[in-house]
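Let's take a friendly tour of a protein model, one topic at a time. Have a look at the fold first, then read on.

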Amino acid sequence: MKLTVWTYEGPPHVGAMRIATALKDVHYVLHAPQGDTYADLLFTMIERRKTRPPVTYTTFQARDLGSDTAEIFKTAAREAYDRFQPQALLVGASCTAELIQDDPGGLTDAIGLPVPVVPLELPSYQRKENWGASETFYHLVRKLTKDLPKPEKKAGAQPTCNLLGPTALGFRHRDDLKEISKLLDLLNVKVNVVAPFDATVADLRRIPEADFNVMLYPEIAETTVRWLERQFGQPYTKTVPIGVGATRDFIGEIADLTGVDPEPLLADLPSNMPWWTRSIDSTYLTNKRVFIFGDASHAAAAARVAHEEMGFEVVGLGTYSREFARSIREAAEKYDVEPLITDDYLEVEAKIQELQPEMILGTQMERHIAKRFGIGCAVISAPVHVQDFPARYSPQMGFEGTNVLFDTWIHPLMMGLEEHLIGMFREDFEFSDDAAPSHLGHSAARPEPANRDVPQPHQSQTDVPGVPRDAAAGVAVLERPTTEAPAHETASPGTAPDTEGAPVWTVEAEKELKKIPFFVRGKARRNTEAYAAERQIGPITVETLYDAKAHFGK
């Protein structure tokens with residue numbers, strides 16, 4: 001363990017809460033101190049659920065540690081059953097309660113409740129949230145179905161499947177379900193059970209009745225579908241249908257499992273993305289350098305879409321899902337990049353700073369990193385914040401999902417063009433900050449601020465006069481005051497000072513560089529500096545900038 005101010009995943013008991021909250025008649029008794037009840041806010045504040053999660057906390061306090069905490073748990077479990085009357089009960093301990101080594105499973109068995117009890121042993125100091133969700137779903141399904149007979153398949157019957165993996169607090173799970181259900185209906189495949197999302201205990205017991213399983217989210221469902229295949233002979237899909245190519249592959253997989261004819265659906269793809277990505281006003285997207293990070297399934301799918309369907313160049317690919325690191329390593333090999341397997345956001349930030357991409361596809365944390373570096377960003381994976389649980393229909397999967405991906409990924413670049421134009425004309429007399437509002441006429445003048453060194457309401461903190469501004473990242477660089485520099489270290493007039501061996505740019509060259517769109521400005525700076533270093537040119541002038549452009553444009 002290590003101390004951090006932010007994490008990609010919570011402890012495994014949060015994953016168990018996601019399963020319990022997704023189900024309708026299951027309750028979770030969590031042995032936890034008062035401070036561990038924070039997790040309720042993830043569902044009520046971020047996902048905006050109407051009800052609190054079906055979780056009862058024992059909420060023991062420090063003074064209880066000297067008494068019988070086991071009795072506190074038994075009382076809480078008994079009262080939870082009496083109050084909520086669930087059809088199955090999950091019991092476990094939070095990361096803090098794990099240290100006192102009570103046995104929630106054994107304690108609940110001693111009570112003798114008249115419903116199935118699923119004890120969860122989730123090692124909080126070795127595992128994380130998605131693993132906890134996967135284990136919880138697996139043990140619950142196994143407990144409820146392991147003694148059921150293998151159902152007989154009726155010849156000529158309509159093919160049926162289960163949709164497995166969607167949970168509470170899942171990234172676009174609600175809308176993905178609707179989109180994939182529509183797709184299966186077009187293929188004449190009946191959905192038998194959706195789980196755990198909105199499923200009941202009775203629904204879980206019907207899972208073995210389906211012909212096959214659709215694994216929507218491997219991080220949640222893979223352990224379960226593998227067991228169902230061994231136990232009941234149910235095959236399962238392996239393609240995550242994100243993007244046009246993956247959705248076509250998914251349809252082909254369904255056709256192989258059921259014998260249905262996929263050609264009518266494949267002949268007329270209900271997606272705008274293939275044409276829009278080839279249209280003339282989208283050619284500026286080609287070869288944009290993109291960095292991708294998220295859970296393994298979404299990151300690998302995004303890399304395929306970015307490379308094959310949008311013409312981006314994947315320069316970085318990574319995941320925080322260590323259990324699925326192999327799939328990311330295989331995907332990274334396809335794009336000839338080094339995979340980044342880490343759950344430390346500072347390592348991700350350092351990699352982004354090293355690669356200087358023009359676009360970031362990531363999680364909520366990469367959104368913050370991109371904002372600091374002035375790079376366009378779209379969220380493709382959990383963890384996410386409230387804005388990524390939209391009221392509108394916004395799937396990631398299926399054909400409508402491809403349209404959503406196009407809009408979501410392209411808009412940051414489109415807004416980049418608009419921001420570039422504003423910046424490009426900022427010093428024009430009609431558009432400068434000192435120009436009066438146009439509707440007041442040319443005679444009106446904007447009053448001078450009392451102190452121009454103090455940022456005004458319309459002025460960014462990073463636009464303070466006298467503070468140099470990093471052209472690539474768009475952030476102010478506060479230089480440490482020093483004594484007067486020796487004569488041989490003093491920059492010549494009209495040049496930017498040479499700090500710590502960095503290439504020296506003339507003021508005119510820096511101004512010219514700022515005319516380049518911000519999302520390619522970093523690349524232009526790197527190319528020019530490499531060109532100047534190779535030829536031992538210094539300082540870098542406007543002529544050097546254009547010579548470098550001509551050199552690399554050959």
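Two strands count as paired if DSSP finds at least two bridges between them. Helices (H or I, at least four residues) and strands (E, at least two) are DSSP runs, numbered from the N terminus. What you're looking at is a predicted model, where local features need pLDDT of at least 70, side-chain atom pairs count only at pLDDT 80 or more, and totals for chains, interfaces and linings use all residues. Residues are numbered from 1 along each chain as its sequence is written, and side-chain values use heavy atoms, with hydrogens and water left out.

- Strand 9 (residues 313-319) and strand 10 run parallel, joined by three bridges. Here Leu317 stands opposite Pro339 in strand 10.

**Zooming in on strand 11**

- Which way do the residues of strand 11 (residues 359-362) point? Met359 and Leu361 point one way, while Ile360 and Gly362 point the other way, and all are buried. Buried means under 20% relative accessible area, exposed means over 50%, and partly exposed is in between (1.4 Å probe, protein chains only).
- Strand 11 pairs with strand 8 (residues 289-294) in the parallel sense, over three bridges. The bridge partner of Ile292 in strand 11 is Leu361.
- Strand 11 also pairs with strand 12 (residues 376-379), again in the parallel sense, over four bridges. In that pairing, Leu361 stands opposite Ala378.
- Follow the chain through strand 11, helix 15 (residues 364-373) and strand 12, and you've traced a right-handed β-α-β unit. Right-handed means that, with the strands pointing away from the viewer, the path from the first strand over the helix to the second runs clockwise.

- Strand 5 (residues 160-164) runs parallel to strand 7, and four bridges join them. Asn162 has Asn213 as its bridge partner in strand 7.

**A cavity inside**

- Rolling a probe the size of a water molecule over the atoms shows where empty space is left.
- On a 1 Å grid over the protein atoms alone, a cavity is a set of points where a 1.4 Å probe fits but cannot get out, and lining residues have an atom within 4 Å of a point. Grid points are joined across faces, edges and corners, and a volume is the space filled by probe spheres set on the points.
- How many cavities of 30 Å³ or more does a search of the whole structure find? It finds one.
- The largest cavity has a volume of about 40 Å³, and its lining is made up of Ile242, His298, Ala302, Ile380, Gln396, Leu405 and Trp409.
- Helix 12 (296-309) and helix 16 (398-424) are the elements that give two or more residues to that lining.
- The lining has five nonpolar residues, two polar and no charged. In this scheme Ala, Val, Leu, Ile, Met, Phe, Trp, Tyr, Cys and Pro count as nonpolar, Asp, Glu, Lys and Arg as charged, and the others, Gly among them, as polar.

**Loops worth a look**

- Most residues other than glycine have a negative phi, and most peptide bonds are trans.
- The peptide bond from Ala195 to Pro196 is cis, with omega near 0 degrees. Pro196 sits in the loop between strand 6 and helix 7 (201-205).
- Asp198 is in the loop between strand 6 and helix 7 too, and its phi is near 60 degrees, a positive value in a residue other than glycine. Asp198 counts as partly exposed because its relative accessibility is 41%.
- From Ala382 to Pro383 the peptide bond is cis, with omega near 5 degrees, and Pro383 is in the loop between strand 12 and helix 16.
- Pro241 lies in the loop between helix 8 (218-232) and helix 9 (244-258). Why does Pro241 count as buried? Because its relative accessibility is 0%.

Notes: On a 1 Å grid over the protein atoms alone, a cavity is a set of points where a 1.4 Å probe fits but cannot get out, and a pocket is an open set with protein on both sides within 12 Å along at least five of seven lines; lining residues have an atom within 4 Å of a point.
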